[in-house]
Amino acid sequence: MKFRTLSIHAGHRPSDHQGAVMTPIYQTSTFAFRGVNQPGPFEYSRSGNPTRKALEECLAALEGGAAGFAFATGMAAETTVAMLFQAGDTVIVHNDLYGGTYRLFEAVFKSKGIRARYVDLRDSESLEEALAAGAAGVWIESPTNPLMNLVDLRAVAEAAHRHGAIAICDNTFLSPYFQRPLEFGVDIVVHSTTKYINGHSDVVGGAAVVSDAGLAERIGFLQNAMGTCAGPQDCYLTLRGIKTLAIRMEEHNRNALAIAGWLAARPEVERVLHPGLPSHPQHELARKQMRGYGGTFSFRLRGGQEAAFSLLGGVRVFTLAESLGGVESLIEHPATMTHASMPPAVREAMGITPDLIRISVGLEDVEDLVEDLEGALGHGRS
Ligand SMILES: *Cc1c(COP(=O)(O)O)cnc(C)c1O
């Protein structure tokens, strides 16, 4: 079946739920045995819950994987996947990625003996060199947050496999509607379902999807042993959000492209970082491995931090907030907000400078969004 059909039906059979067309919220911690030594299909909600199972099957179908896992947050998904590694392992981590992933490796896993080695995965020689030195995994994010750089998923997964490492891809920015990393040989896809997958800014959640049965078994074991799973209420809301994922992504993509093009022509704007613009250095790769560009991108203002703060203070329709992927448009300043947990030197070296603004373009009327940015760009001017 095709994506839109799967997003509405995968994981749910009304006949399993008294005919209910929507997956019920099984708000129960435990399940009655059928008899002595005769458990039913579910025993205890940490190990398995019917609402969560419906979401997990749906996520697996959308990513084209064999098994999906739903977690309490995106970071719970990442933590569980990172626990596949052992003390002494090195994980090659893309040097430009979500600040929380960097913090997880540096402030949590490093002291447990799992070492991250940061490499620019756009540079195949650096990757080969790092792999040759020994690595158990490669952690990819594409496009990256907030710089919108791309990683060649097929090339990196192949290089990882040649050296016996697994490839993991954080697919939060595009959702499976626009990019399906498993098709390019990636072993594990992780998501913050908080973002586009749920899409309504009312749940924090995470996911992992795999094709390999051995990996599925190990992640399922960790999810139960560590208790990182999502609760049924959040799974229900995420399932509801997924039903409109395809049409939301189309509209996010359309609105964001229109705004990116408009910003690129503004004198106040130094540069727009959007993989859908032909000016993006990896526009060709974007067309090769992505079916669309999503709704989040960044741009640099000519006037530095002062101009950035003026813009942030001048918007009325965009909301000044962290996060992305919801129906409402958000605007933020990575250097002082989402990426403030990074050491300033690392941040600056990456290019997350004070002139950088990130926007998550929502589903409002694009004319209102453009008008809002136009008014705010002039904000503070006499
Ligand atoms: C938000 C985000 C995360 C973390 O997810 P939470 O749901 O906030 O725990 C991980 N990766 C990316 C790319 C994100 O945007």
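Residues are numbered from 1 along each chain as its sequence is written, and side-chain values use heavy atoms, with hydrogens and water left out. Because the model is predicted, local features need pLDDT of at least 70 and side-chain atom pairs count only at pLDDT 80 or more, while totals for chains, interfaces and linings use all residues.

Helices (H or I, at least four residues) and strands (E, at least two) are DSSP runs, numbered from the N terminus, and two strands are taken to pair if DSSP finds at least two bridges between them. On this basis, 7 strands form an open sheet with mixed pairing, in the order β1-β7-β6-β5-β4-β2-β3. The edge strands of this sheet, each pairing on one side only, are β1 (67-71) and β3 (115-119), and from one strand to the next the twist averages 20°. Directions are those of axes, lines fitted to C-alpha atoms (for helices over the stretch in contact), with angles from 0 to 180 degrees between N-to-C directions, and contact denotes heavy atoms within 4.5 Å. Helix α2 (residues 50-63) packs on the sheet, where it touches β1, β6 and β7, and its direction makes about 125° with that of β1. Helix α5 (residues 124-132) lies across β2 (90-94), β3 and β4 (137-141), and runs at about 160° to β3.

Within this sheet, strand β6 (residues 188-192) is mostly covered, with 5 of its 5 residues buried; here buried means under 20% relative accessible area, exposed over 50%, and partly exposed in between, for a 1.4 Å probe and protein chains only. Ile188, Val190 and Ser192 point one way from β6, whereas Val189 and His191 point the other way, and all are buried. Strand β5 (residues 166-170) runs parallel to β6 and is joined to it by 3 bridges; the bridge partner of Ile168 in β6 is Ile188, and that of Asp170 is Val190. Strand β7 (residues 206-210), by contrast, runs antiparallel to β6, with 5 bridges between them, and Gly206 in β7 is the bridge partner of Ser192.

An N or O atom in the side chain of Ser192 is 2.8 Å from an oxygen atom of the ligand. For Gly74, a backbone N or O atom lies 2.9 Å from an oxygen atom of the ligand, and for Met75 a backbone N or O atom likewise lies 2.9 Å from a ligand oxygen atom.

A further open sheet has 5 strands in the order β8-β9-β12-β11-β10, again with mixed pairing. Its edge strands are β8 (269-273) and β10 (319-320), each of which pairs on one side only. Helix α10 (residues 245-264) packs on this sheet and touches β8, β9 (296-301) and β12, its direction making about 10° with that of β9. Strands β11 (residues 330-332) and β12 (residues 356-360) run antiparallel and are joined by 3 bridges, and Glu332 stands opposite Arg358 in β12.

A disulfide is a covalent bond between the sulfur atoms of two cysteines. With a disulfide taken as a pair of cysteine sulfur atoms within 2.5 Å, the count comes to 0. The cysteine sulfur closest to that of Cys169 belongs to Cys58, and at 19 Å it is too far for a bond; Cys169 is itself buried, at 0% relative accessibility. The sulfur of Cys229 is 8.1 Å from its closest cysteine sulfur, in Cys235, which is likewise too far for a bond, and Cys229 is buried with a relative accessible area of 16%.

His12 is found in the loop between α1 (3-9) and α2 and counts as buried, at 13% relative accessibility. The side chain of His12 makes a polar contact (a pair of N or O atoms within 3.5 Å; within protein, one must be able to donate a hydrogen and the other to accept it, and residues adjacent in sequence count only if both atoms are side-chain atoms) with the side chain of Thr23, at 3.0 Å. The side chain of His12 also reaches the backbone oxygen of Val21 at 3.3 Å. Gly313, in helix α12 (residues 304-314), counts as partly exposed at 42% relative accessibility.
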